[in-house]
Every structure is written in structure tokens, then in C-alpha cells.
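Welcome! Have a look at the picture before you start.

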Amino acid sequence: MALKIVKGSIDRMFDKNLQDLVRGIRNHKEDEAKYISTCIDEIKQELKQDNIAVKANAVCKLTYLQMLGYDVSWAAFNIVEVMSSSKFTYKRIGYLAASQCFHENTDVIMLTTNQIRKDLSSPNQYDTGVALTGLSCFVTPDLARDLANDIMTLMSHTKPYIRKKAVLIMYKVFLKYPESLRPAFPRLKEKLEDPDPGVQSAAVNVICELARRNPKNYLSLAPLFFKLMTSSTNNWVLIKIIKLFGALTPLEPRLGKKLIEPLTNLIHSTSAMSLLYECVNTVIAGQYSCSVGRIKSHLLCVQKLRILIEDSDQNLKYLGLLAMSKILKTHPKSVQSHKDLILQCLDDKDESIRLRALDLLYGMVSKKNLMEIVKKLMIHVDKAEGTTYRDELLTKIIDICSQSNYQYITNFEWYISILVELTRLEGTRHGHLIASQMLDVAIRVKAIRVFAVAQMATLLDNAHLLTGNMQRNGICEVLYAAAWICGEFSEHLENPVQTLEAMLRPKVATLPGHIQAVYVQNAAKLFATILKNQEGNTDSTAAQETSQMMIDRLPLFVQSANLEVQERASCILQLVKYIQKLQQKDVEVAEEVSALFAGELNPVAPKAQKKVPVPEGLDLDAWINEPPSESESEDEQPKAIFTKEEPKHSRPRHTEVDEKELARRREARKQEQANNPFYIKASPSSQKVYQEAPGVEHIPVVQIDLSVPLKVPGLPMSDQYVKLEEERRQKERAEKKKKEKKKRKEKRSGRGKKHDSGPESEEDITPAHVVDIVTEEMPEVAQEDQNHLPSPYLCRVKICICMFCLCRPLADSEKLPVRSHRAAGAPKSPAEDGEAENATPQEPKKKSSKEKRDKKKDKERDRKVRLRCWKHLPPSGHKSDSRSTPSEGRTAARRQLRRCNLMTQCFTFLVFPFSRKVCDIQGNLQDGSQVVVSVIFENKSDSFLKSMEFNVLDSLNSKLQRPEGSGPHDGLTVPFQLPPGVSNEARFVFTVQSIVMPQKLKGTLTFIVKNEDSSTHEKLDFKLHFTCTSYLITTPCYSDAFAKLLESGDLKSSSVRLEGVNMPFHHLLARICFHHHFSVVERINSCASMYSRSIQGHHVCLLVKTTVSIDAKCDEPTLLGNVLDEIKQTFSQC
Amino acid sequence: MRFMLLFSRQGKLRLQKWYTATAERDKKKMVRELMQIVLARKPKMCSFLEWRDLKIVYKRYASLYFCCAIEEQDNELITLEVIHRFVELLDKYFGSVCELDIIFNFEKAYFILDEFLMGGEIQDTSKKSVLKAIEQADLLQEEDESPRSVLEEMGLA
């Protein structure tokens, strides 16, 4: 035995240590892998020995190899062995290896619990420290649960070294085991005032990180942090505190007011850029209510940022621009004055800075400065090195110009010239982008067509310039647009024959197929126009010459390898030959030929197709023909010319799928959709009639400014437009002044000062010619499809530490699980003693049923808090909605609000122990006796809910619609299951006989709660409240129709006074509109008339006066009475 | 902070510390990707870049790149200071540190980092206390090692 040990030790002398290994690897550069594999074999041998020193050495080497990317997971157990060595040297290596190699799925982690616990309570602070450090890297939920109590004890350790580490690691523990937050929080709070600065800063760190996840819980700490902020001089800590306040201020606006002073002081005084930057960021992000302070502080921020951007340090420059872009979102004006500086940044050597500056410019343009900015950008395009940056510039120019429907463009001739100039860029990938812009502008801005056609004709004529080396050149896409525009609007062409000739040059045959196809097609259009022009002439030879040219040139395209080109060319060739025959007989053909291309093409909104309702009985998923079994070659797919075009769905080509298989798959898909909470199902009741159908407005086309030369020799220069525009504006201004002077003379009043022409404001600039931007067409039958609105409920629930309220006293059940068996010889700290004895030792997994109930209660309380917030939503939702048009409102929040507005009829909140239900009752417009109730089920428990059945006790008046064949008392199965934390929506249809009375229906929901080991049947009772309001549908009414209605005398009247309402009149109206589905017909001074209609066609008219009395008329007095009662109730609540 | 990497100009990883549990495969992928991006940047460029949903802050010291990944709301400048502080600590400990020091004593470099940062948060803002902790831990280690006699080592004692 002894001999064996001696032998092992002698072997050890020849073992490689880490240094040897590293040196070896460096010496074996050529066959590194081979060398390392021999090393690993050696290490495996070493690990088999009993000597812990050998093992530790091996583990150390493995840690190094792990970093080089080798798998060492096989040695996990050996790492644990080394960790448990009693010697600090080895323990340290063991923990280091563990922290580098272990992750949540490492199974040996379970074995470490006791070892770590032992180390945590070691008398040697460095043992404890090393264990804490290691644990911070590989803590798992299980470890966190088992060790939380031990770590919490360490937070009050005598040594600051340990306290500091324990505080920091608590954050990781909270993340893995959120239940530990509440019990540990008081102690964490104590540490904010720890005498040791290290511990204090650790506590600030942890609380700041926690607050970023859920600020609400930490509002109460604000005074404490405020004190810390004003007293601390440690920049690291200050930054964290400021960050924390940044998270808190949105919740407590008063805090913002209070913070402004210390923050501005810091901004003025600090020399640390990081602190300055943090302050500036917080001021920018904070929504400070005090307006004077805000403006001042904002100005200060912008000033400081300017200094940052002017700094020679690239880092500061970058951050300055980044922060500027944040200000831009809220205070565009204050950034715009620094345009010069930002334009300078475009010259910076650093590409990331240039890109940041570009981003900023996008938000800074206005009608006034667009031309100037774009001009600068064009200069940069010329100078730019590297195609990626140049392409970026190009897309940005187009983005800037085309943003919000060309809002900032005052002169489209200028824009077309810019686009044409951009075509001179070599090697850009964005030819198609330019092309689609050209098409878009030419189609939508009618006034520009003459000019655009002239430009495009020049482009076609000079096509050889663009197509230097065609195949790689994306720019030839532009020719696609040019050819199409020249063809489609050929009536505007100056010299159509010349353009036709240009389009049929032999060189064209080298262009990509899809462009050639357009060439051929548009050559035909041009031909038609030429014929029409020439028909009037007495001399018919010119027309015949044109036909001859077509006949001569087209065969080139007939031979094309591209099928599309070939087909079009041969078709048109035959047509032209036939025309020629007729021409020779002196028959007039022009009319008929141009009839081929008659009619105007209008742009269609991208979403138009979606808005067209699918006709009944049409299944879009069904195959028209069974798909062919063999796949076709698709390599000649032309590239999409419109950038917005959606990628073509390449349908997977199934080989022969039989009916059964299809049905099975469909069923499976349905099943999947039913269980998928993110899948919004089609409902039978999306009955919002599409009300505003923006038709094509035909504004008379205005003459083009003749000072602009229409014929530009060669390619145009956009610069001249800048000058022209300047002159034009000056002229305009001068005229305006003249007019004003006149006015003033007429008035001879001293109040003219107001009109003094100060700096030109945005509104003063009128576009050069009134361009009529054709609105995109939308089908008029379209329905507002609610299913497209993402449901706000679906994304709202997240179980995380945020949900635990910290202000509540601790419940017994929440005490941290205390170790059930103690490690031998572990000393107990006296403070912990009592608690350990009080709590009965128990395995955390086996919780008593009482405890479970407590937990549930806690959760319910949380839920109530959240529900309350929710109830406040609808009114504010209305406010935001009335301002934004339906096409806007992209942000999630707005969407959420909007959804509320669309659907709110009557919300009933029901708090369930397991699930929450929110329901919404809505009348069905098409069927006067149907009401749809949408119910949102939200599973708040930790268990799986399934087999939910929804049942309502029918009344004589209202009945739940059940599927055919089921009895009158059968429940409806909810078509989905709910995993924990998930919500989903189901809709139920009710038939209602009479709608004049509000009603309450009793119902039950039964479901199965499935836990890991058991499942129970549960039942919930609820009430559905059908108010009369929910039978009303917002219907617009014109004032004359309204007057007629009142005159008809069929209506009974009634009136009501609202007591104690003191809100602005328009708020009052908005509230009635929102909560009770009325629309305002007319508002005259102190009164307003309002109208609504019930699903059964009752008219309800209101006259609301500022004295808050409502006179109402309706053809159904009972309904009216109830609606008025409900209105009264709404206002008594606020 | 999500993770910290040290790598050489040649693209050799010298140190890696992950503060959130990440699968080995993802780690490798991210490291490779990041090294490519950072090494391709020119010296005049700023030290920040946006990458996936993270912000990357890097700085080059001699032939070594120090590279940190932080979250959206984190402060870039303070991260730069963290990097600098770490370099200072290494410098103090090794005495004008060079790449080879870190290669051959990589476990020491880790120990220093662990004393300075924990779970991605700064543990101690004072240089002195970090170095003191390291020194004492080293002392403890030497005590461990020194009293061993040859006999003990042979397992005979």
C-alpha cells in the first residue's frame, strides 16, 4: 500500500503542471489538437489517483483546456472532489473550475449543496469567499432555494469582506428563487446603511438591479436613496443611484421635480464623464412635470451633449450622438439647432459615428432643411469609400425623403433629380429601391409625370452609362422603372419615337430578363401612343416606318432565353405585323391599338387585400388542383421590384397527399392553434363596419412652375433646385410681406406686431406646386378586422420577482426553508438560532395544504392590485385614441388602448382562485338578437388548467347559443387549455329577446387543475352583467338626419341631471361616447347633441348641456330610462 | 454585465467569464462572432457597438482586447472604467502585466477578476481592498503549501 503511494508521488514529480501544459501547447503549434489529446489522456490518468494535489493540478489544467474550447464536462465529478478538499489552495482551484464549467444542467451540482453549505460557514473567511464567488456563477434554482437562508445569515457576518459578497450574491439568488426576496429584503435594506462603503455600494447595486425589473416595490426607498445621492462622493455608487431614480421617476412624477436640482448640480460639477452621461440620460428619460425646470435642464443637457460630440474622444462623440437621438424623440426642436454639428459628424473617420449621425438626421429634417441636408448627404455619397457605407447613405437619403408619405418634400422635381443622380452610383445594391421610389412618385404625384417622363426618357437614352458591367450591377433595376414610366405615361413624351428606338436597342438584350420583359411590354405601349399621334398626319409613311422598326427589332427578343420576354415579344410582334397589314390598306388602327392599354392604374394600399372579406364558402387553404408531384425549376425567379412586396411563399410541394392525411393534418393544426395562446382565432362577430373609405381624391392638377427647364440636357443637377427653391421662397415671403403691409395699412391698428415676419416657420413654406398625392385605394366593403389587433392580454403576464409585494408583512409560509440536517460542526450565529428553531424543519417540496392556501391568497392579493390598474385603462385609452387615426398607433401601449376602445362594452372582472376572467359583451350588428361575449381566461396559478367548460343558466330572455343537438343545460367546452401564466380568449354567442332591460346571468366554469402528481376538478361561479349600454352601437349620424329624427315625433323623451360632475365639457362628452357608445352629432357652444343606435334599431338621441343635464329621446322609453341610469352611474363613480 | 472576454489580436481567447449561465455551444458561437467583429474594427473607431440585444464595450491594451457585454440600460463609460480598473489591478499584481503573465497564470487572473467583480456587479470600488484580499488569500495558499515536508508529500507521514 505504502509502496503504491510512494510510486504515485514519484510519478507526480514528472507530471506536467499548468505552466508546462501552456508551454507545451505553444511549442506544438502545428499539431496542437494531437498534443492536447495526449494531454487529456494524461489528465485522465492523473484524475484516477488518490492524491488530491495531483487531482487539483489536473483540474487546473482542464480549466485551461476548457477555455480553449475543449469539452471537459466528463470531469465534473472530479471538480467536485477538488472543491471539497480541506486545503484552500485546492478548494480555490476546484471552485474556479466549477464556476467556469458548471451550468444549470450539470447534474453533479446537486451533490455540491452540502459542501457549499459547509464552506459558507467555514471559520476561514476566504473559504467562504471562494464558495460565494463560485456559487455566483453556477447557482441553480435548487441551490438558491436550499442555500438562501445560509447566505442571508452571511449578510450580517462580522467581516465586511463576506457581507459584501453575500449581498451581491443575493441578487443571483433572487433571480433563481424569487420567493426569497421578501424575507431577505429587510436585511438588504439595512445594508444600505452599512458602515463599510463596499457593502453599502453592493447593496445599492443589488437594489438598483432589482428596481430596474420592478420599480414599484422600491418607491418607498426613494428618500433613503435621495440622502445617499446627496451625500455620496463615490461615482460608482452615484451612477447606480441615478439609474435607480431613472427607473422610479416614471412612477412618481414628484420625484422628478425633486431630482432636477441635484442632477443639474452634478451635471455642472462633475468631472467624471460617466457620471455626467448617466445624469444626462436620466434627465432625458425622466418625464419631469415641472416645466420651467424641464426646459432648463433639457437645454443644459443638449449643451453638455454638444460638448461631448465636439470632443476629440470618439467614445464621447458616439455617446453624445446616441443621447441626442433620445432627445430627438421628445424635443426635436432643441436638437435641430445643432444640425451643423451633426452634419460635421458625417465626416468622421469612424463609421459607427457616421451611422449614428445619419440616424439623427432622419429625425431632424423638416420642409425647410430637407434640401440642404440631402445636398450635404449627396456630397458624402460622392466622397464615401466602401460600398456598405455608401449604400447606407443611399438608403438613408431615400428614407429621409420618403418618410411619412413624402411629408417634407416641397418640390418633387427636385426629388426626381436626386433619384436620377443616385443612379450614377456605381456598384450599389439598391437599384430596386431607387426604382420603386421612381415608380411610386410618378404614379402618386400626378403633377410630376411630365417631368418624370422626360427624365426617364433621358435615362433610357443613356442606359449604356448605367449598365457598364451589367450582371453585377444592381443599378440597372432603375431601367425597369424608367421603361415602365415612359410606357405608361407615354402621352407626356417629348419625342416618343426616339425613346422607342432607345428601348429596342440590341444592347437591351443583355439586361436581366424581368427588365427586358418590361421593355418589350412598354415598347408596345409607346408604339400605341406613336400611332395615335401620327394618325392625324396626312403622311402615313412615318407611322409605317415605326411599325417597320418594331418588326425589325422585336425578333431579337423573340429569341430570348427568358420565357416571359419571349412570350411577350412574339405576341407583340404578331400584333404589329397585323397592324402593318392594316396600315398598308390605309385602315385607321390607332384607336383600337391604344384601347389595349387604356385605363389608369392606381396604387393599391399594401393591406387592401387583407381587408377584403373572404366570401362564404371559399376555403383559401384548399388546393384548387392537387399539387404536381415533381418540382419545377425556380431559378429564374425575377427579383421583386417593389421593396414592399412580400416574399413569395414557396409552398412546400407535397408529393401526393391523400384526403385522410390532409384532414388529419388540418385537425392537428386546429388543435395546435387552440392550445396556442398567441394564435388569435377568427370570430364570427367582428362586426365593425368600415366607415371611412378614403377614395381617390381628384384635386385639379396644377401647372408646373415654368421657371424650371423641363428639358434637361444630359443628366440633371439637383443643386439648381435648391437655389430655385430659395428664390421661390424669398419671392413668396416678399409677397406675403406686401400683403401684410397692405392689411396693416387697411387696418391701421397698432397690433400688427404679431405679424412681423420673424424667422420662417414650418407652416409658412408652401410646396412649389400643389401635388396631389393620390391616396392609396382601399376596397370599400372592407371590414375593420379586429383579429388583426394583437390582443393586449396575451403578453401581459409574466411571473417574476416583480409580482411580490414587499410592503406586506411576512407570512409564515414564506420563511426560507431551513436546512433539515446540519453539517457537522457548523457554528450557528446567535441571530439565526431562534428562527431556525421556530420553523419546523421540512422538505421544501412537501408543503402542507395550509401553506398552499396562503400562497394562493398572496397571489390573489397581487392580482387585485393589478386588476385595479386595469380598470383605469379605458378612459385614458379613449383620450389617446381620439387623437390618433386608426392607421397610427404602432406602439404596444397604444395598441392596447385602442383595443380597449374598440371592444369595450362592459367589462366585468372576476377574480378566480385559479384564473382571471375579463369579459366583454358586444352586440352583433347584423343580427338584432345576438350578443357576443368575449371572455379572457388567464391562468394565474402554477398548475395546468384543462377541460374547461363554460355554462350559463339561461333566462327567459337571454340564452347561450349551444351547438345543435346539445341540451339546454349543457356547458360549452372552452376550445383550449391553459398552461400556467397563460391567457386566452374565447367567445360565446347569446341570443337576446328583448334588449330594453339590463340583465345579470349566473354561470359556472368547471375545469380540471392538473398538478405534477394530482388533478382535481374545480368549479367557479360568476355573473355576467348585460347592461343596456352593451346593446348600443356607435353609429355616426348627420345633423340633418338627426333633426328629421327629432321632428318625426315618434320618440319619447326623458331627462336626467348629473350631480357633482365637474369636468371639462369635452371630457364629459368623450366619456359618454366612450362608455356608452354614442357619437357626437353636433356641438354648439354649451350643448351637444349625441346619437346612438341599439342592435335592434332603436334610435337614442341625447342633448347634453354644460349644466350637466341630459335631455334624451328614444323610441323605447324603458331602454332610454336604463341607458340614462347607466350614464348616471358612470358619472357617479368618478 | 453579461460576460467579459479577453482575447489577443490573433483571436486567441485568454480569459472568459460568464455571469449568466450559457450553454457551451452558444458561448463558443458568441465568442467567435464577437472576436470577428471587434478585431475587424479600426483603431480610430469608438469602443462601443450594438450587438444582438447587448451593448459591447471593448478596449485594447497592447496586444490584448478586453471586451464586456452589457445590457441596454447600462452605462458604457463606467464599463470602460471597469475594464481599466481590472487592467490596473492586473498591473499592480503582476507588476507591469503582459499577455504572457495572463497566459501562464490564468487562474490568478481569474482570482483577481473574481475579487473585483461578482455576478457581473462591481464588488469593491477600492483598488486597495481588492489587492489586499488577493494577497491574503495567496498567503493562505502558501501557508498551505510550505509546511509540507518531503515525507508528507510522499504520503508517508
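**Exercise 1: a histidine in a loop**

His430(A) lies in the loop of chain A between α24 (412–422) and α25 (431–444), where helices (H or I, at least four residues) and strands (E, at least two) are DSSP runs numbered from the N terminus. Before going on, note that this is a predicted model, in which local features need pLDDT of at least 70 and side-chain atom pairs count only at pLDDT 80 or more, while totals for chains, interfaces and linings use all residues. Residues are numbered from 1 along each chain as its sequence is written, chains are lettered from A and ligands numbered from 1 in the order in which they are written, and side-chain values use heavy atoms, leaving out hydrogens and water.

Task: decide whether His430(A) counts as buried or exposed.

Solution. 
- Step one is the rule: buried means under 20% relative accessible area, exposed over 50%, and partly exposed in between (1.4 Å probe, protein chains only).
- Step two is the value: His430(A) counts as buried because its relative accessibility is 13%.
- Step three is the surroundings: not counting residues up to four places away in sequence, His430(A) touches Asp391(A), Leu394(A) and Thr395(A), contact being heavy atoms within 4.5 Å.

**Exercise 2: where two chains meet**

Task: describe the interface of chain A and chain B.

Solution. 
- Start with the residues: 63 of chain A are in contact with 60 of chain B.
- Next comes the area: about 6000 Å² is buried between the two chains, and carbon and sulfur atoms give 56% of it. Buried area is the accessible area (1.4 Å probe) that two parts lose on being put together, summed over both.
- Met67(A), Arg92(A) and Trp236(A) supply 14% of the area that chain A buries against chain B, more than any other three residues.
- Then look for charges: the rule finds six salt bridges across this interface, each a side-chain nitrogen of Lys or Arg within 4 Å of a carboxyl oxygen of Asp or Glu. Arg212(A) forms a salt bridge with Asp74(B), with the closest N and O atoms 3.1 Å apart.
- Finally, find the main helix: α6 (residues 88–101) of chain A gives the most to the side that touches chain B, with seven residues.

**Exercise 3: the make-up of chain B**

Solution. 
- Follow the pattern along the sequence: β-β-α-β-β-β-α-α-α-β-β-α-α.
- To finish, 57% of the 157 residues of chain B count as buried.
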